[in-house]
Amino acid sequence: MTRKQTLARRRTPRRGLVLGAGGILGSAWMIGALRTYQERTGDDVRSFDLIVGTSAGSVVSALLSVGVEIDTMADSERGQYAPGAPVLDYRELGPSLPPPPRMRMGSPRLLTTGVLHPHRLTPMVALAALLPQGRGTLAAVGDLVGQAAAARPVDPDRWPALLRIVAMDFDSGHRVLFGADDAPTAPLAQAVMASCAIPGWYAPVLVDGRRFVDGGTRSPTSLDLCVDAGLDEILVLAPACAFDYDHPHRPVAVLERQLRRAATRRLAAEITLAEATGARVRVLCPGPADLVAMGGNVMDLARRTTVFETSLTTSAAALADLPGRPRPQARTAVPSATRTPAPTLPRTARPVSGTSGATPQTGTRPVPSSTTIPTRPTRPITRPSGVSPARGPAVREEPDLAG
């Protein structure tokens with residue numbers, strides 16, 4: 001390789017894609033946003049150097065990492081399936097309300113841990129521990145991911161090098177990054193099911209004798225886990241957050257918006273931490289029109305198509321400032337063995353201090369578009385006090401960001 005080629009390679013930015021929690025409707029919104037992003041920029045959304053998925057985002061990220069095109073996912077939202085394309089019938093996940101739970105507390109051990117380490121017991125984690133154990137099954141999600149992985153031209157049991165899946169240990173409250181070197185070993189489908197196991201709705205997923213539940217219980221995106229990944233640009237899709245709101249009147253929707261505000265405060269703090277490394281962070285969240293389409297139940301199957309179609313429109317407006325480029329020819333799935341290994345990430349979250357940084361907007365101006373924090377260059381600054389890189393397999397405590 002010549003010196004000129006070496007310098008050009010060094011100038012190529014390392015890019016990360018973070019797909020957050022958000023339920024069935026959140027995944028529909030993300031597929032619409034990713035489809036729009038790809039059409040706008042010409043960048044294949046499978047070409048990121050690192051993809052981190054949580055809950056609903058874990059399903060989309062897993063499919064991308066095994067080579068499924070975003071166009072294929074978008075077609076499935078409209079009931080159009082090419083021969084051999086993965087098909088997920090969300091009706092197999094059950095109705096839009098959880099089945100009757102088991103009459104036992106979700107995780108007494110997690111509550112005990114919270115008493116000994118109060119900063120671990122955030123409101124969402126405490127609620128997860130107190131809720132009765134869910135009875136729902138995520139077999140349909142596991143089958144979808146397993147079938148897509150089996151279609152790869154390499155060993156289907158081989159973990160995609162660029163992928164990390166976030167779940168929460170249901171007894172300790174720590175997040176785990178499946179796919180990291182020091183994380184428990186789990187098949188891809190099992191890790192995705194663990195990341196999607198909403199406490200009180202679905203049964204916890206066992207991995208190596210440990211129980212795991214939805215990673216969104218601790219963070220809506222786990223953007224903070226990318227801090228030491230050496231990324232120059234990070235695109236974050238956060239369907240569980242919002243920087244602009246609608247005016248719901250139904251009590252369920254009003255409560256859901258309050259939960260969004262708490263999740264958005266956490267996200268704002270994580271954005272500050274990521275930007276402190278010098279990374280350019282662009283965050284896309286649902287806007288007022290998207291929230292109207294979603295209503296108050298992100299598991300409402302009847303709204304899925306509407307949410308997807310709305311996302312195509314609102315995301316186009318939110319991403320209008322991105323420079324358009326010719327779309328490259330679609331590529332085939334890249335075997336894991338030929339991919340450049342993703343950076344080693346810690347399996348537990350690093351501490352994050354305070355809630356400084358961008359304050360979520362609480363206004364309700366009715367603009368018909370998703371809201372986005374534009375990509376902007378930042379210079380490296382001193383890491384916030386009390387924050388140090390988490391390295392190795394040591395378990396680290398996680399203070400709450402959202403309050």
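Predicted model: local features only at pLDDT ≥ 70, side-chain atom pairs only at ≥ 80, totals over all residues.
Residues are numbered from 1 along each chain as its sequence is written, and side-chain values use heavy atoms, with hydrogens and water left out.

Arg78 forms a salt bridge with Glu309, with the closest N and O atoms 2.8 Å apart. To count, a side-chain nitrogen of Lys or Arg must be within 4 Å of a carboxyl oxygen of Asp or Glu. Arg78 lies in the loop between α4 and α5 (108–116) and Glu309 in helix α11, so the pair ties together parts that are 231 residues apart in sequence. Helices here are DSSP runs (H or I, at least four residues), as are strands (E, at least two), numbered from the N terminus. Glu309 is partly exposed too, at 30% relative accessibility.

Searching the whole structure turns up 18 salt bridges. In one of them, the side chains of Arg304 and Glu77 meet at 2.5 Å, N to O. Arg304 sits in helix α11 and Glu77 in helix α4 (residues 70–77), so this pair ties together parts 227 residues apart in sequence. Arg304 is buried at 7% relative accessibility, and Glu77 is buried at 9%.

Arg280 and Glu233 also join up, again 2.5 Å from N to O. Arg280 belongs to strand β8 (residues 280–285) and Glu233 to strand β7 (residues 233–237), 47 residues apart. Then there's a network of salt bridges linking Arg175, Asp224, Arg266 and Glu270.

## Two helices crossing

Take α2 (residues 23–41) and α11 (residues 304–318): their axes come within 8 Å and cross at roughly 35°. The axes are lines fitted to C-alpha atoms over the stretch in contact, with angles running from 0 to 180 degrees between N-to-C directions. Residues of α2 that meet α11 include Trp29 and Arg35, and among those on the α11 side are Arg304 and Phe308; contact means heavy atoms within 4.5 Å.

## A helix tucked inside

Ten of the ten residues of helix α3 (residues 56–65) are buried, so α3 is largely enclosed by the rest of the structure. Val59, Val60 and Leu63 are among them. Just after α3, Gly67 takes a positive phi of about 105°.

Methods. Buried < 20%, exposed > 50% of the residue type's maximum accessible area, 1.4 Å probe, protein only.
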